[in-house]
Amino acid sequence: MADWYVDDRCTNCDVARQFAPELIGEEEGASRILRQPSDEAENRRLHAAVFACHTRSIRPASGQPDPALDPFPMALDDGVLVCGHNSRQTAGANSYLLRRPSGTVMMIDTPRWSTELAERYVATTGPVTDVLLTHRDHVAHGRRYADHFGARMWIHEGDLDAAPDADQVIRGLDPVEIGEGVTAHPLPGHTRGSVLYLADDRYCFSGDSFYWSRTTGDLEVAESVTWYSIEGLAASLARTAGHLRFEWVLPGHGDRHLLDADEMSRRLHALAERTALLRPRPIDFTALRW
C-alpha cells in the first residue's frame with residue numbers, strides 16, 4: 001500500500017480523524033499519519049478520511065487516492081448517511097442525509113457543491129425535498145443543492161441575512177415541526193440563528209451547538225468558537241435539554257456518537273449545567289477539544 005502523509009494545508013478540523021482515528025492523530029495543531037494502513041479494512045477507512053477532508057490534505061506519496069474507494073454517501077444507521085466531501089466554504093463541516101418513511105430525504109447542511117455529487121446522493125437515497133441549514137456558517141452551498149433538487153431551503157430568522165433567499169424561515173424560540181417526525185429547535189448561542197434538528201427521538205443534528213468529544217468522552221460545546229453568546233447558548237441548553245430525546249448526536253464540527261437515549265439525556269443535562277458556568281472568551285480555534 002502507498003505511503004500516506006498529511007500536507008501543510010491541513011486546518012485541524014478533525015474530520016479525517018473521525019473516520020480513521022487509529023490511523024490519523026493530532027500533533028502540534030494538525031493531523032498526521034500515525035501509521036500506514038495494515039489491511040484492506042484500514043485502507044478503506046483511510047480513504048473515507050481522504051474523501052471527507054475539505055482540503056484534500058491526506059495524500060499518498062505517489063499516485064492518487066483510489067476513486068473506487070470513495071464511500072460517500074456512507075450509511076451511519078438505517079436512517080442517516082454522512083455526505084462526506086466536506087467543503088472549504090463551511091470550514092470542513094459534516095453534512096448528512098436523513099431518510100424519511102415516505103421515501104423522501106432531507107439534507108442537513110451541505111457538502112462541497114458539484115452536480116456529480118448531487119446526482120450521486122439522489123441516486124443513493126432518493127429524492128431530496130428539504131435542505132436544512134443549522135446556522136449561518138454552513139449556508140455556502142445550500143441554494144445550489146436546493147435548486148438542483150427542487151427542494152425547500154430552511155434557516156432561522158436570526159441568521160436569515162446569510163441566506164435571504166431561504167424558502168422557509170424558522171421564527172422565534174419554539175420548536176417547529178417541519179416534517180413528519182422532524183422538528184427544528186432554535187438554539188441561539190453559537191450564532192444568533194443556530195438551530196438543531198431532531199428526528200424520530202433518535203437523531204439530533206446539532207450543527208455547531210454541541211458535539212461529541214473523543215478527548216473528554218462526553219458532549220461538549222465549542223466555547224472557544226462561539227460567535228454570538230456563550231450565555232445565550234447556556235440559556236438555550238437549559239431551556240431545551242428537558243425536551244430533547246435522542247440517541248445519535250450528529251454535529252457539523254466535532255465527532256458523532258451513539259448512546260442509549262437515557263444516557264444521552266443525562267449527559268445533555270450535565271452539559272447544560274457546565275455551560276452555565278462558562279463566560280465569554282476570545283475566539284480561539286486552537287482551544288477546541290476534539
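Two strands count as paired if DSSP finds at least two bridges between them. On that basis, strand S10 (residues 152-156) pairs with S11 in the parallel sense, over 3 bridges. His-156 stands opposite Ile-170 in S11. The model described here is predicted.

The two strands belong to an open sheet. Its 7 strands follow the order S5-S6-S7-S8-S9-S10-S11, and the pairing is mixed. Strand S5 (74-75) and strand S11 (168-170) stand at the edges. Each has a single partner strand, so one side of each is left without a neighbour in the sheet. In a regular strand the side chains alternate between the two faces of the sheet.

Further pairs within the sheet are antiparallel. Strand S6 (residues 80-82) and strand S7 (residues 96-99) pair in this sense over 3 bridges. Here Leu-81 has Leu-97 in S7 as its bridge partner. S7 also pairs with S8 in the antiparallel sense, over 4 bridges. In this second pairing, Leu-97 stands opposite Met-107 in S8. S7 and S8 form a hairpin with 5 residues between them. Gly-103, in the turn, has a positive phi of about 100°.

Helix H4 (residues 142-149) lies across strand S8 (105-108), strand S9 (128-132) and S10. H4 runs at about 170° to S9.

Another hairpin is built from strand S12 (residues 176-179) and strand S13 (residues 182-186). These strands pair in the antiparallel sense over 3 bridges. The bridge partner of Glu-177 is Thr-183 in S13. There are 2 residues between the strands, and Gly-181 takes a positive phi near 80°.

Backbone geometry also stands out in the loops. A cis peptide bond joins Phe-72 and Pro-73, with omega at about 0°. Pro-73 is placed in the loop between strand S4 (58-60) and S5. Positive phi values also occur in residues other than glycine. For Asp-14, phi is near 85°. Asp-14 lies in the loop between strand S1 (4-6) and helix H1 (15-19). Its relative accessibility is 1%, so Asp-14 counts as buried, the cut-off being under 20%. For Glu-28, phi is near 55°. Glu-28 lies in the loop between strand S2 (24-27) and strand S3 (30-33). Glu-28 is exposed, with a relative accessible area of 81%. Asp-14 is thus buried, whereas Glu-28 is exposed.

The search of the whole structure finds 1 cavity of 30 Å³ or more. The largest cavity has a volume of about 90 Å³. Its lining comprises 14 residues, of which Cys-10, Cys-13, Ala-16, Ser-31 and Cys-53 lie nearest its centre. By class, this lining has 7 nonpolar, 6 polar and 1 charged residues.

The largest pocket has a volume of about 440 Å³. The pocket is lined by 22 residues. Ala-91, His-253, Phe-285, Leu-288 and Trp-290 lie nearest its centre. The lining of the pocket divides into 10 nonpolar, 9 polar and 3 charged residues.

Key. Residues numbered from 1 in each chain as written. Predicted model: local features only at pLDDT ≥ 70, side-chain atom pairs only at ≥ 80, totals over all residues. Heavy atoms only, no water. Contact = heavy atoms within 4.5 Å. Axes fitted to C-alpha atoms, helices over the stretch in contact; angles between N-to-C directions. 1 Å grid on protein atoms, 1.4 Å probe; cavity = no way out; pocket = protein on both sides within 12 Å on 5 of 7 lines; lining within 4 Å. Points joined across faces, edges and corners; volume = space filled by probe spheres on them. Nonpolar A, V, L, I, M, F, W, Y, C, P; charged D, E, K, R; others polar. Buried < 20%, exposed > 50% of the residue type's maximum accessible area, 1.4 Å probe, protein only.
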